[in-house]
Amino acid sequence: MEEIDANKLIEFTKKYSRVISRKAKRDFTEEDAITYAFTSLGIDILEAAIESEIQIKIIPPDRVVALQAKKRTGFLQSILADRPYTFSHHGSNGKANRQYIASPFHDHDRQYLYVIVLDEEIIIDPDFDEILSFTADGFESQLQKCFQKVYNRS
């Protein structure tokens, strides 16, 4: 795994979150939503590198909701994270509060993105994070076995 330069990641996150924080919510664009997705992913990567949650949230929750309403970016973040990434759908339709796990998956010379969709009740489980991790690990293991069987038959 590539080494994380925490200082560069922090500077990147600060720089772009300042831009978003100064902008009026009514003026948010899809580009701002994507910028937020990158800053949010930067924080997630930093948390994973230091194996601890960062308590400072750079962008206030009401602004996050406005940005998430502009553009759904969970799959983009999943691809860029290059590891199992979890996110929720924050819309007001039948998909509201669904939890997703998505991750790039590489097999031989092909690249895939798998997606697992979980019901919203998973969020209220006290072991939420462990369940997501267990589910992703188990799925990847089974997926790898399936691909190996197909590859060995060729």
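Figure 1. Together with D127, D129 and E130, E53 forms a patch of negative charge on the surface. Such patches consist of residues with over 30% relative accessible area and no salt bridge, like charges being joined within 9 Å and nonpolar side chains (Val, Leu, Ile, Met, Phe, Trp, Tyr) within 5 Å. The model is predicted, so local features need pLDDT of at least 70 and side-chain atom pairs count only at pLDDT 80 or more, whereas totals for chains, interfaces and linings use all residues. Residues are numbered from 1 along each chain as its sequence is written, and side-chain values use heavy atoms, with hydrogens and water left out.

**Figure 2. Salt bridge between K23 and D32.** The structure contains three salt bridges, each defined as a side-chain nitrogen of Lys or Arg within 4 Å of a carboxyl oxygen of Asp or Glu. In the pair formed by K23 and D32, the closest N and O atoms are 2.7 Å apart. K23 is partly exposed at 28% relative accessibility, while D32 is buried, with a relative accessible area of 8%.

**Figure 3. Salt bridge between K25 and D62, with the surroundings of K25.** The side chains of K25 and D62 meet at 2.9 Å, N to O. Leaving aside neighbours within four places in sequence, K25 is in contact with D62, R63 and A66, where contact means heavy atoms within 4.5 Å. The C-alpha atoms of K25 and I58, which are 33 residues apart along the chain, are separated by 15 Å.

**Figure 4. Salt bridge between K71 and E30.** The closest N and O atoms of K71 and E30 are 3.8 Å apart. This pair links distant parts of the chain, with K71 in the loop between α3 and α4 (74-81) and E30 in helix α2, 41 residues apart. K71 is partly exposed at 33% relative accessibility, and E30 is also partly exposed, with a relative accessible area of 43%.

Figure 5. Five helices and three strands make up the secondary structure elements of the protein chain, which follow the pattern α-α-α-α-β-β-β-α along the sequence. The C-alpha atoms fill a box of roughly 55 × 40 × 30 Å, taken along the principal axes. Of the 154 residues in the protein chain, 31% are buried. Among contacts with a separation of 6 or more, 53% involve residues 24 or more positions apart.

Terms used. Areas by Shrake-Rupley, 256 points an atom, 1.4 Å probe, with all protein chains shown as cover. Lys, Arg positive; Asp, Glu negative; His and termini not counted. Charge placed at Lys NZ, Arg CZ, Asp CG, Glu CD. Buried < 20%, exposed > 50% of the residue type's maximum accessible area, 1.4 Å probe, protein only. Helix = DSSP H or I, 4+ residues; strand = E, 2+ residues; numbered from the N terminus.
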